[in-house]
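Here's a short tour of one protein model, meant to be read with the structure open beside it. We'll look at a sheet and then at a pocket.

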Amino acid sequence: MSEPADPAAASARDRDAVLHAVSSAVLAVTRHLSVREVLQVIVRSAARLLDAKYAALGVPDDDGAFAEFVAEGISDEQWAAIGPTPRQHGMLGAMLREGTPVRLRDIRRDPRFEWWPKAHPILKDFLGVPITDGDTVLGIIFLSNKRTPGGFDEADEELLTLFAAHAAIAITNARLYERGRELTVVEERTRMARELHDAVSQKLFSLRLTARAAAALARTDPERAADAIERVERMAGEALTELRAVIVELRPAELDRHGLVESLRKQAALLDRLHPLTVSFTAEGEPPGDLDRDRELAPEIEVAVLRVAQEALHNAVRHARAARIDVRLAHREAALVLEVTDDGVGFDSAGLNGAGARGLGLLSMSDRAQAVGGTLTVSSAPGRGTTVRLEVPA
């Protein structure tokens, strides 16, 4: 006969498993993500680990509102009906002022509770914990309506407090990353301005003077005017070449380190770890530049393919409510084809003009495709998912 299970040992194993899940979920988001993406992953992970129907996280601003406010368990339609981001009033304001955890059987019976909008879901049992960095309250994270009967207990509060400590590190890291990225952008803009001034601008200035001279000679000395026009054509070509060289230098660093295929594979793997959905990547054939250095892809094509893939993945993760996203890169004889397909809610792809197209980044993706001589098509229907397909010459 087997020995009876040790409840204490089983409990310890369960707790270790939960703590491991907390660390894995939060430390994963310290990779190169925006602050809002960090917050969204934290909230989703907290709701799942503590079995809560609703979860939210708010980062206050200096004007009595929230600079960032993300929630789990509330649909886009509900958000639209609820209205603007909440202010720092009621329980949210109290938690920001007091900076201590709050655990309640029914938030509606607490004197600090004021009201919520008519379309707001009814919250009952409540657990909230401040996210702090020293004495500074970075934000608050709270859960409501635990699915398991009995509401939140002391163990839940302890776990969410630990989660909030990890969240503080993740938020701080994301902020530092965004600030560093902003500084990098400023430095890069300064360098580009210098490059453009030193090379392209001077070339264009000479081109303009030569064009004026050609115009002045057109009537009095056609032969010299023709020579000047030839110089204009040659200088315009040189300026275009130099401009392209400056633009190519802006290619993402990961393309130089890993190549296109591996960069796409890493992007899919990262999203697969960070979000509660499956993101896969497959490559059919090897595109020029990964193995065959005699037939390298043009740098601008590599950048276009990577950026379109990132935009399509971003749209699918944020808007599609999908369970699975498949990224496929296929190299054919004269073309490279990228497809990003999700099994989400889809939309009417016949109405892609105007604000809807801008909101989904489709205009940006289409512009990138056209700039490298490619084509972009989007196929979608309500309830049938979406496929973004980019084909570029290779």
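Two strands count as paired if DSSP finds at least two bridges between them. Strands (E, at least two residues) and helices (H or I, at least four) are DSSP runs, numbered from the N terminus. Residue numbers start from 1 along each chain as its sequence is written. This is a predicted model, where local features need pLDDT of at least 70, side-chain atom pairs count only at pLDDT 80 or more, and totals for chains, interfaces and linings use all residues.

Now the sheet: it's open, has 5 strands in the order β2-β1-β5-β4-β3, and pairs in the antiparallel sense. β2 and β3 (102–104) sit at the edges, each pairing on one side only. β3 joins β4 (residues 126–133) through 3 antiparallel bridges, and L104 stands opposite F126 in β4.

A pocket here is an open set of points on a 1 Å grid over the protein atoms alone, where a 1.4 Å probe fits, with protein on both sides within 12 Å along at least five of seven lines; lining residues have an atom within 4 Å of a point. Of its 23 lining residues, Q40, R44, D76, V317 and R318 are the closest to the centre. α2 (35–49) is one of the elements giving two or more residues to this lining, and α2 gives the most, with 5 residues.

| Lining class | Residues |
|---|---|
| nonpolar (Ala, Val, Leu, Ile, Met, Phe, Trp, Tyr, Cys, Pro) | 11 residues |
| polar (the others, Gly among them) | 5 residues |

Note on methods:
Heavy atoms only, no water.
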